[in-house]
Amino acid sequence: MTLRRRELLKAAGAAGALALTGCATPMIGTPDKARVLVVGGGFGGATAAKYVRVLSDAKIDVVLVEPDAAFVSCPLSNLVLGGSRQVADLTVPYTALAKQHGVTVVRDTVASIDPVKRVAVLGSGASIGYDKLVLSPGVEMMWDRVAGLKEANTQGRILQAWKAGPETVALRRQLEALPDGGVFAIAIPEAPYRCPPGPYERACVVAAYLKAAKPKAKLLILDANEDVTSKGALFKRVWAEQYPGLVEYRPQHKATSVDAASNTVKFEIQDEVRADVLNVLPPMRAGAIAVQTGLANSNARWCNVNFLNFESTVHKHIHVIGDAIQVASLMPKSGHMANSHAKVVAAAIVAELNGWEINPAPMLSNTCYSFVDDQRVIHVASVHEYVAAEKTYRTVAGSGGLSPAPNELEGRYAWNWARTIWADALG
Ligand SMILES: Cc1cc2nc3c(=O)[nH]c(=O)nc-3n(C[C@H](O)[C@H](O)[C@H](O)COP(=O)(O)OP(=O)(O)OC[C@H]3O[C@@H](n4cnc5c(N)ncnc54)[C@H](O)[C@@H]3O)c2cc1C
């Protein structure tokens with residue numbers, strides 16, 4: 001595999017973390033080794049980068065391209081809105097991936113992929129060749145589905161905060177400025193979207209803050225779906241018992257437009273709603289680079305993959321994981337699931353590059369914890385097995401489960417889950 005020197009120098013500058021010492025020519029990786037390029041350092045990408053190194057006994061070069069300086073976890077980010085945590089509590093650096101596992105971390109964006117030549121071009125202009133590419137770009141908001149939302153978001157008026165970071169902090173500020181007696185409204189798109197229980201968890205945690213700080217305020221959940229899409233009975237019980245008169249759930253509210261000047265959201269059928277703070281989540285699809293590379297072949301939104309090795313059904317040698325894929329039945333778009341996909345894909349890639357047979361019976365697991373205030377939690381869990389005859393995953397009968405009721409013990413489990421999965425992906 002050949003790499004252009006000038007471009008490599010540029011990438012080396014961007015990475016700031018390449019092994020340059022003792023080398024006359026800076027290189028991303030070693031030319032005589034197979035190279036796996038990982039695009040996106042979130043739950044899926046960071047885990048895949050680490051596990052290709054671990055499972056190949058560090059014999060395969062791994063380059064991870066990610067624009068953000070550090071990983072910020074979306075799981076638990078609703079607690080930042082509730083005011084009990086800061087974004088810093090959810091931030092993990094990429095240094096261990098580089099130092100402990102020898103992953104070359106390049107701080108850049110992949111601007112385009114040539115699936116035939118197997119080369120990716122970065123925003124900086126550098127290009128990187130690959131033998132296998134793992135794509136875990138997360139989701140892109142489909143702004144055009146809700147008229148006026150993109151402009152309102154760019155102006156910082158109507159926020160989504162569905163990627164944890166500065167927008168989460170900005171939404172918290174809007175919430176703090178909400179007058180007592182004011183209205184906070186969250187609009188939820190039709191499933192599938194990132195993290196099915198996430199919006200309902202957000203409603204609970206924000207309601208806990210309002211109950212304590214602004215008891216005359218009201219919280220509206222405006223859901224495009226016919227009913228709560230995850231842990232429905234548990235969430236509804238929490239709203240009725242913990243937040244009576246504060247939280248109101250309205251199903252079948254599909255947002256079609258917003259007006260930032262009057263803070264109003266309009267719906268396909270129901271009457272428009274005005275709120276003091278509007279949190280509008282538009283429909284979502286696979287991250288832009290997946291769509292642009294022609295990989296989103298399911299309704300022009302999600303990427304179909306071969307579930308044995310997560311290879312795209314459009315282009316060979318590109319493996320798509322995480323939120324960007326067209327999921328199997330009952331498979332949530334979650335960080336835990338992206339981490340699970342990543343381990344299957346890492347094992348399959350290491351096997352393929354070594355000429356070994358790939359695991360014919362992979363399994364995946366998922367646990368999703370949701371806070372109902374800043375301490376108490378409910379969870380849902382599942383195990384998914386590959387069914388060769390159907391070429392998809394099915395949940396294992398009797399696996400998983402659901403909390404009987406919110407409790408503080410699971411609040412501690414939720415934090416342990418988070419710290420463990422961050423360490424698994426990035427440590
Ligand atoms: C409020 C909220 C709460 C949640 N709670 C939970 C929970 O409790 N449990 C759970 O399991 N899941 C939870 N999730 C869902 C979870 O965050 C996602 O499912 C998970 O992040 C998906 O992983 P991913 O790798 O597909 O995408 P991400 O983690 O989003 O990673 C994608 C990465 O790709 C990078 N990227 C994108 N395009 C490019 C490009 N062109 N070049 C280079 N890099 C690129 C991005 O910068 C990003 O870092 C929650 C989500 C939200 C919003």
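A residue is called buried when its relative accessible area is under 20%, exposed when it is over 50%, and partly exposed in between, with a 1.4 Å probe and protein chains only as cover. The model is a predicted one, in which local features need pLDDT of at least 70 and side-chain atom pairs count only at pLDDT 80 or more, while totals for chains, interfaces and linings use all residues. Residues are numbered from 1 along each chain as its sequence is written, and side-chain values use heavy atoms, with hydrogens and water left out.

**Stop 1: the domains**

Colour the protein by domain, the bounds being taken from an automatic or database domain assignment. Domain 1 comprises 2-140 + 285-360, and domain 2 comprises 143-282. The contact between these domains (contact meaning heavy atoms within 4.5 Å) takes 19 residues from domain 1 and 20 residues from domain 2. The C-alpha centres of domain 1 and domain 2 are 32 Å apart.

**Stop 2: the ligand**

The ligand is surrounded by 35 residues, the closest being G44, E66, S136, R194 and D323. Why does the ligand lie between domain 1 and domain 2? Both domains give residues to the shell, so the ligand is placed between them.

Now display the distances to oxygen atoms of the ligand. For G44, a backbone N or O atom lies 2.8 Å from an oxygen atom of the ligand, and for Y369 a polar backbone atom is 3.5 Å from a ligand oxygen atom. The ligand taken alone exposes 1,000 Å², of which the protein buries 92%; these accessible areas come from the Shrake-Rupley method with a 1.4 Å probe.

Which elements give two or more residues to the shell around the ligand? They are helix 2 (43-55), helix 10 (335-354) and strand 22 (363-371). Helices (H or I, at least four residues) and strands (E, at least two) are DSSP runs, numbered from the N terminus. Helix 10 provides the largest share, three residues. By class, the shell has 15 nonpolar, 13 polar and seven charged residues. In this scheme Ala, Val, Leu, Ile, Met, Phe, Trp, Tyr, Cys and Pro count as nonpolar, Asp, Glu, Lys and Arg as charged, and the others, Gly among them, as polar.

**Stop 3**

H341 is buried, because its relative accessible area is 1%. Beyond its neighbours within four places in sequence, H341 is in contact with F310, I321, G322, I325, M331 and L364.

Proceed to D424 in helix 11 (residues 408-426). With a relative accessible area of 16%, D424 is buried. Its side chain makes a polar contact of 2.5 Å with the side chain of Y51. A polar contact is a pair of N or O atoms within 3.5 Å; within protein, one must be able to donate a hydrogen and the other to accept it, and residues adjacent in sequence count only if both atoms are side-chain atoms. Apart from its neighbours within four places in sequence, D424 is in contact with K50, Y51, N339 and K343.

**Stop 4: helix 8**

Select residues 232-242, which form helix 8 and whose buried members are G232, L234, F235, V238, W239 and Q242. Among the elements covering these buried residues are helix 7 (198-213), strand 12 (218-223), strand 13 (247-250) and strand 22.

**Stop 5: P93**

P93 is in strand 4 (residues 91-93) and is partly exposed, at a relative accessible area of 45%. Its C-alpha atom is separated by 8.7 Å from that of V72, 21 residues away along the chain. Leaving aside neighbours within four places in sequence, P93 is in contact with A70 and L426.

**Stop 6: backbone geometry**

Most residues other than glycine have a negative phi, and most peptide bonds are trans. The peptide bond from A191 to P192, however, is cis, with omega near 5°. P192 is in the loop between strand 11 (183-188) and helix 7.

L76, which is not a glycine, has a positive phi of about 80°. L76 is located in the loop between strand 3 (70-72) and helix 3 (78-82), and it counts as buried because its relative accessibility is 6%. Finish at H317, in the loop between strand 20 (311-312) and strand 21 (318-320), where phi is positive, near 70°, in a residue other than glycine.

Methods: Near = heavy atom within 4 Å.
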